[in-house]
Amino acid sequence: MAKKKSSYKKKKSAATELGPPYDPSGEPNTMFQGTPAEGSPSQEGSIDLDPGSPQAEEDSDLPPSRIGTPPPFIPRSDDDVRSDIESDDESTLGLPQPEAATGADIPRRFEEPRMGDYFQKRRDLLNILKSLHNTGTGQPLTVIRNIPFGPTLDNAEDVEKMLRRAQRAILRPDLDPSIFIDDSDLHVFGVPLTFSRNCVCVQVSGPNVPDLYFYDLPGIIANVGDGGNVADIKLVEDLARSYIKKPNCIVLLVISCETDFENQGAGRLVLNDPALRQRTIGVLTKVDRIEFGGASKWLRMLRGEDQPLMHGWYCVKQRDMAQLQDGITWEEARSYEMEFFQTVAPWADLNRVEQQRLGSQKLADRLGTILSNLVSKELPGIRKKVNVELDKVSQRLNALAPPQIADPRRVVITLLRDFTKKLSKHIEGLPPVINPSDPTDTTSTGLLHSLNEAYDRFRERVHETAPQFKPWSSTASVDSQTEQRMLDSAKQDDDAVGLGTTNSLHVDEVMDLAKRSRTRELPGNYPFAVKEKLILESIVQWSALAHACFTEVKEITVKHVLRLISDHFKGHDHGGLQEAVSKITSEQILNCAAATVQKIDGLVQGECDPYTQNDKYFFAYKTKMLTRYKIIHQELQGKANLVTALRSYNPNNNNSTGDYHQWNYLNNAISNLANFGITIKAEDFVMLLPQQDLTPALDIMAEVRAYFQVAYKRFGDNVPKVIDADFIRAIDRVDDGLDVALMSMDLSTEKCMEYLQEPRTVVMERTKLAGKKQRLEAAQSKLEQYYRE
């Protein structure tokens, strides 16, 4: 409830709620509750922390059995209006509401409310609650908080003090609410808020107390005093609009007759909206304070000649200050009011029809009739909504029905075997889902597809360790563009992507290394250790790459298996079955991983000693690389034209080499060699060109590069093969796979019963739905009984 600091001395507004619309979700939408059933015990009240907000309709705590309409709003403009607790004035006007699904009957004809009974019974028990819902920045909290404020009260004399303390508390959200209980806050320096969207909620409980929802709001203001906050004007107006915006809300527009109508903001807010006029009842108060000769304008409104409303205007007179001090009862106040309208002009001079609009009782009678009509209008929709919601609840309860388990061991073993079968299918390979919603979910994209992508990345990384020899002298003047062209020429037709920087040596550097490595070899011979050293420069990098590949594969596999476990044993995590399967599966994966790591280490160790029986591929690749190295070397030795001619030679085009005689010589040479059974290409003649003293270095480079190609292809196949055989397939191996490991679990009948326990959330949901179904069936029964009558 939004309040001003001195609300009892300022204009304020009030709203009464005729009972919230039925909410089958079980979450009512009220902030002020009266207990309707005779003899019913007091109930915990609830506070709607932001009236009119979506949270207000979803997060309060009343029983989900109310039938009625949303709260109407009474804009107030009375000056110096005291609180309803103090004076029982017009700010408390409201209507009781029939009850359903709580044991009380729905009457065939709704009785007209007796407001005096309400004000007498409401003193039976008062439970004052105070709530804070703002974050401190003016933004509503995500979850509404209900904060109890003070003890339960059963003495009406204590209510006003507690209300004032609660009001101070919501205007000082920076302080602990408990310090307001004993007025300790009065000694704490600070500036309170002028208004707040937080609420002070009073819950009234007792026998024969009608369902009344009353909201006391600040009055509409047009300006603020010196030092005031201009934003309060909009805050108060928005607060009022949040109550009156609902199309089935009754609006009580309370206008003070001691102030010009045009100066009262509540009238402007309501009467400027044609739709609001259709559901607004006008109330003229303080009629005893009308200036002499000024009654005519108010009489025109009462007759509907000025500011006409759908439900017309009514006049009321409440207790004055003297009567309040004398402590007259509600019945005495109504008697004085009736006497005033019967004896004081111009009210006593009105005709019989107009006099039906004078007095609080006449207003209450009219409100009771409107309430009955509204409830009757809403009942068909409520009946339909109850039936629909009951069907939904019944269907959900059927889906949550507890399983009937005759043999728990059989159920658990079946679950385990079905899981291992499912895992086996994934290991063997399943077709992927078309357009998967989650591209990272390997259960949709396929486990083996993800693993193959990891293997492809591994082979590329291994190939990046290839030697990148430079078949020209380190002292040669080669620009970067030419160098890149030469390197591209050397690796043309290569079957992998890119090269790294391993063994980025020039031909003269390789030659120098070979010479320095000689021991007792004959001239022109160089030790094998030179080639071995250059080969190992690449191979020493493979261990880390192989283990990185396996780590990636293991992570993909573990994630995949855990997702399968979560999906397959969904609903069995509460009893520990899912946890037990996850633990055993993890142990199985760890054992397979340890064996696989040893196998990978063995593969790496085997590659540290250069060896191959793949002679044909080795020699073919060596010849290809040696030819390329020599061509590049000759180009940089000044024989670029000759090399270009040899490369561009075309036996069918005598101009292909650029010189007819040169083409003719080459053609004859190739033909003559063919007569001897020797088949060569024109570029092979480069091998006959003099190589000076660097020919051994070029040969070493070609041989090292050829062996790398053989070893890289072998290692790139063997590592994925070992991972697949000793890790992926080993998880579900026939002799000692996961199915065998799972059978080592405790599968006693007692343990299996524990495994199959339902999750606590399911039990709680079923209990909640069962209660909701009971309430809905009670509401349905009462509604059907009402229609039968």
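I began with helix 15, whose buried residues pack against helix 13 (408–428), helix 14 (442–445), helix 19 (542–568) and helix 24 (695–728). Helices here are DSSP runs (H or I, at least four residues), numbered from the N terminus. Contact means heavy atoms within 4.5 Å.

I noted the ground rules next. This is a predicted model, in which local features need pLDDT of at least 70, side-chain atom pairs count only at pLDDT 80 or more, and totals for chains, interfaces and linings use all residues. Residues are numbered from 1 along each chain, and side-chain values use heavy atoms, without hydrogens and water.

Which residues of helix 15 are buried? I found Leu 447, Ser 450, Leu 451, Ala 454, Tyr 455, Phe 458, Val 462 and His 463. Buried means under 20% relative accessible area (1.4 Å probe, protein chains only).

I then looked at helix 13 and helix 19. Their axes (lines fitted to C-alpha atoms over the stretch in contact) come within 11 Å and cross at roughly 145°. The angle runs from 0 to 180 degrees between N-to-C directions. Helix 13 brings Leu 415, Asp 418, Phe 419, Lys 422, Leu 423 and His 426 to the contact, and helix 19 brings His 560, Val 561, Leu 564, Ile 565 and His 568.

Last, I checked the largest nonpolar core. A core joins buried Ala, Val, Leu, Ile, Met, Phe, Trp, Tyr and Cys residues through side-chain atoms within 4.5 Å. Of its 77 residues, Val 553, Val 581, Ile 723, Phe 727 and Met 745 touch the most other members. Helix 24 gives the most to this core, 18 residues. I saw that Val 553 touches residues including Leu 451, Ala 454 and Tyr 455.

Terms used. Buried < 20%, exposed > 50% of the residue type's maximum accessible area, 1.4 Å probe, protein only. Helix = DSSP H or I, 4+ residues; strand = E, 2+ residues; numbered from the N terminus. Lists of a residue's contacts leave out its neighbours within four places in sequence.
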